[in-house]
Amino acid sequence: MRLGRCKVVQASGRCAVRCTFYSSPRCCAVCFDLGVWRCRAKAKANGGGVVMLPRGQYYVDGPLIVPEGTRLVGEGTNLVSIFFREDNPDTAPRPGYIHANNSATAWAVEDLSVYVTHYYYSVFYVQPTCKDWTLKNVRVRAVAWAMIS
């Protein structure tokens, strides 16, 4: 599986990192996070970062951790879908499927769809210390009855 490629581009007068991921039919969360962290390292060196997900379906086997100062941006709500594997109350990730590390004060998720068709604690978890969190043009399909045990 290719994790993806990252390149530094000029965006809105400052450097940003555009990262493109290539997914096999199943993309493990560890590989996905490694790609995000690789992109984040470049973003940090250049003053900010955007991780771009091209159109496609991404099957992720665990939580997706968005690094500090990173925007996870899909090509479009109807074009990018992230599906999380099925879990039960014992295996569902805590605090949620998409979150930042405990010290992140700014992060964003934009222009994609998220599908959780099984038990979950939360789809997005935002720490109380977070000061700048953006959720823009995101479709969430989560099964409400999955919370009932």
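Mentor: Tyr59, Phe83 and Tyr115 form one aromatic cluster. Bear in mind that this is a predicted model.

Trainee: How many aromatic pairs does the count come to?

Mentor: Two rings pair if their centres lie within 6.5 Å. By this rule there are six aromatic pairs.

Trainee: Why is the pair Phe83 and Tyr115 called stacked?

Mentor: Planes under 30 degrees apart count as stacked. The planes of Phe83 and Tyr115 are at 15°, with the ring centres 4.6 Å apart, so the pair is stacked. Phe83 lies in strand β7 and Tyr115 in strand β9, so the pair links parts of the chain that are distant, 32 residues apart.

Trainee: And what kind of pair do Phe124 and Trp133 form?

Mentor: That aromatic pair is tilted, with 55° between the planes and 6.1 Å centre to centre.

Trainee: Which residues have the most contacts inside the largest nonpolar core?

Mentor: They are Ile82, Phe84, Ile98, Trp107, Leu112 and Val114, in a core of 26 residues. Among the elements that give two or more residues to this core are β7 (80-84) and β8 (98-100). Strand β9 gives the most, with five residues.

Trainee: What does Val114 touch?

Mentor: Leaving out residues up to four places away in sequence, Val114 touches several residues, including Ile82, Phe84, Ile98 and Phe124.

Terms used: Residues numbered from 1 in each chain as written. Predicted model: local features only at pLDDT ≥ 70, side-chain atom pairs only at ≥ 80, totals over all residues. Heavy atoms only, no water. Core = buried A, V, L, I, M, F, W, Y, C linked by side-chain atoms within 4.5 Å. Buried < 20%, exposed > 50% of the residue type's maximum accessible area, 1.4 Å probe, protein only. Helix = DSSP H or I, 4+ residues; strand = E, 2+ residues; numbered from the N terminus. Contact = heavy atoms within 4.5 Å. Phe/Tyr/Trp six-rings, centres within 6.5 Å; stacked < 30°, edge-to-face > 60°.
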